[in-house]
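Below is a short report on a two-chain model, with attention to how the chains meet. Please keep the structure open while reading.

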Amino acid sequence: MTISHGEPTMLAATLSRRGVISGGVAITLVPFASWPGAAQSEAGQLTDAISRATGGRTPLAAGVKLDLPELAENGFSVPLNVTIDSPMTERDHVRFITIVSEKNPAPQIARFTLGPRAGRAAVRTHVRLADTQRIAAVAETSTGRFLIGVADVVVTISACTNGG
Amino acid sequence: MALTSARIVTPATARMGEIIEIKTLARHPMETGYRRDDRGRQIARDIIGTFRVTYNAVEIFQADLSQGIAANPFIAFTTVAMETGDIIATWTDLAGREISAKARITIT
């Protein structure tokens, strides 16, 4: 699902929605205690990863459409689609798109570098998700702007089991 | 694991200035480094770390990947069709091994 963009500070204040979701759906989650970094604050991980992507600047929650399924039955391969509103001209284009995770052991999933020759700022891939969590896409433009979009995904089978 | 197969798919023809989607897929386990084998030993991380695409030798797209990308990484992106020529994708794993795949596009 794509969350409409509010203020960037909403990152810390979104758990109520997830609470509603998990209240209504039977969710099987594999315990994560044995995972590296499991003890770390998860909201902190996302905030830190966004901050690394922006060099500490606060991104504007606008212009980034991040699509993931609301419910991923299999965390091993989840389709991700990110599109940024950009004219993609020589002067004003998206240079980087960084995909970051709230609960994966590796906070940065991928970083894409593009330029005006892309025509559109749009990338599709398949990601692994270790747990039900929030994913963010941070875009950096050639004009020095940072934009962010987020999506929340409920994961039924974690990619952190030993299956593959 | 060796990079044994990789594919790139583009339209065979395009009009000058048309935005086309390029789809790529490599065969690779993207081993996370978190799993253990039957005897409890950690399986070493083995992933494709970088992915680059050129269009007539000009780089048009690049990606830094982590173990958060699913096995057999699929990446799709767009480019503006500029001239007849080759679009070449290259995948490189953490040990520096590479594989490339090429697609030919003809401007009509």
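**Confidence**

The model is predicted. For the complex, the predictor reports an ipTM of 0.96 and a pTM of 0.84. The average pLDDT of chain B is 96, and 98% of its residues score at least 70. Where pLDDT is low, predicted coordinates should not be read in detail.

**Chain B**

Chain B contains 8 strands and 0 helices. Its pattern along the sequence is therefore written β-β-β-β-β-β-β-β. Along the principal axes, the C-alpha atoms of chain B fill a box of roughly 60 × 20 × 20 Å. Of the 108 residues in chain B, 33% are buried. Among contacts in chain B between residues at least 6 apart in sequence, 60% join residues at least 24 apart.

**Where the chains touch**

In the contact between the chains, 22 residues of chain B meet 28 residues of chain A. Two elements of chain B, β5 (58-65) and β6 (74-80), each give two or more residues to the side that touches chain A. The largest share of that side comes from β6(B), with 7 residues. By residue class, the side of chain B that touches chain A has 13 nonpolar, 6 polar and 3 charged residues.

Both of these strands of chain B also pair with strands of chain A. β5(B) runs antiparallel to β5 (residues 108-113) of chain A, and 4 bridges join the two. Across this pairing, Asp64(B) in β5(B) stands opposite Arg111(A). β6(B) runs antiparallel to β6 (residues 121-127) of chain A, here with 3 bridges. In that pairing, Ala76(B) in β6(B) is the residue opposite Arg124(A).

**The sheet of 10 strands**

Which strands make up the open sheet of 10 strands, and in what order? The order is β2(A)-β8(A)-β7(A)-β4(A)-β5(A)-β5(B)-β4(B)-β7(B)-β8(B)-β2(B), and the pairing is mixed. The edges are held by β2 (71-74) of chain A and β2 (13-14) of chain B; each has a single partner strand, so one side of each has no neighbour in the sheet.

Within chain A, β4 (residues 94-101) pairs with two strands of this sheet. With β5(A), the pairing is antiparallel over 5 bridges. Ile99(A) has Ala110(A) in β5(A) as its bridge partner. β4(A) and β5(A) form a hairpin, with 6 residues between them. With β7 (residues 133-141) of chain A, β4(A) again pairs in the antiparallel sense, over 7 bridges. Here the bridge partner of Phe96(A) is Glu140(A) in β7(A).

The pairings described so far are listed below.

| Strand pair | Sense | Bridges |
|---|---|---|
| β5(A) and β5(B) | antiparallel | 4 bridges |
| β6(A) and β6(B) | antiparallel | 3 bridges |
| β4(A) and β5(A) | antiparallel | 5 bridges |
| β4(A) and β7(A) | antiparallel | 7 bridges |

**The sheet of 6 strands**

A further open sheet has 6 strands in the order β1(A)-β3(A)-β6(A)-β6(B)-β3(B)-β1(B), with antiparallel pairing. At its edges stand β1 (64-67) of chain A and β1 (6-9) of chain B, each with a single partner strand, so one side of each is left without a neighbour in the sheet. From one strand to the next, the twist averages 15 degrees.

**Two methionines with positive phi**

Each chain has a methionine to look at in a loop. Met88(A) lies in the loop between β3 (78-84) and β4 of chain A. Its phi is near 50 degrees, a positive value in a residue other than glycine. Is Met88(A) buried or exposed? Met88(A) is buried, because 23 other C-beta atoms lie within 10 Å and the cut-off for buried is 20 or more.

In chain B, Met30(B) is found in the loop between β3 (19-26) and β4 (48-55). Met30(B) is not a glycine, yet its phi is positive, at about 45 degrees. Met30(B) also counts as buried, because 22 other C-beta atoms lie within 10 Å.

Technical notes
Residues are numbered from 1 along each chain as its sequence is written. Chains are lettered from A and ligands numbered from 1 in the order in which they are written. This is a predicted model: local features need pLDDT of at least 70, side-chain atom pairs count only at pLDDT 80 or more; totals for chains, interfaces and linings use all residues. Two residues are in contact if their C-beta atoms, placed from the backbone, lie within 7 Å. Ala, Val, Leu, Ile, Met, Phe, Trp, Tyr, Cys and Pro count as nonpolar, Asp, Glu, Lys and Arg as charged, and the others, Gly among them, as polar. Two strands pair if DSSP finds at least two bridges between them. pLDDT is the predictor's confidence in each residue, from 0 to 100. Axes are lines fitted to C-alpha atoms, for helices over the stretch in contact, and angles run from 0 to 180 degrees between N-to-C directions. A residue is buried if 20 or more other C-beta atoms lie within 10 Å of its own, exposed if 12 or fewer, and partly exposed in between; C-beta atoms are placed from the backbone.
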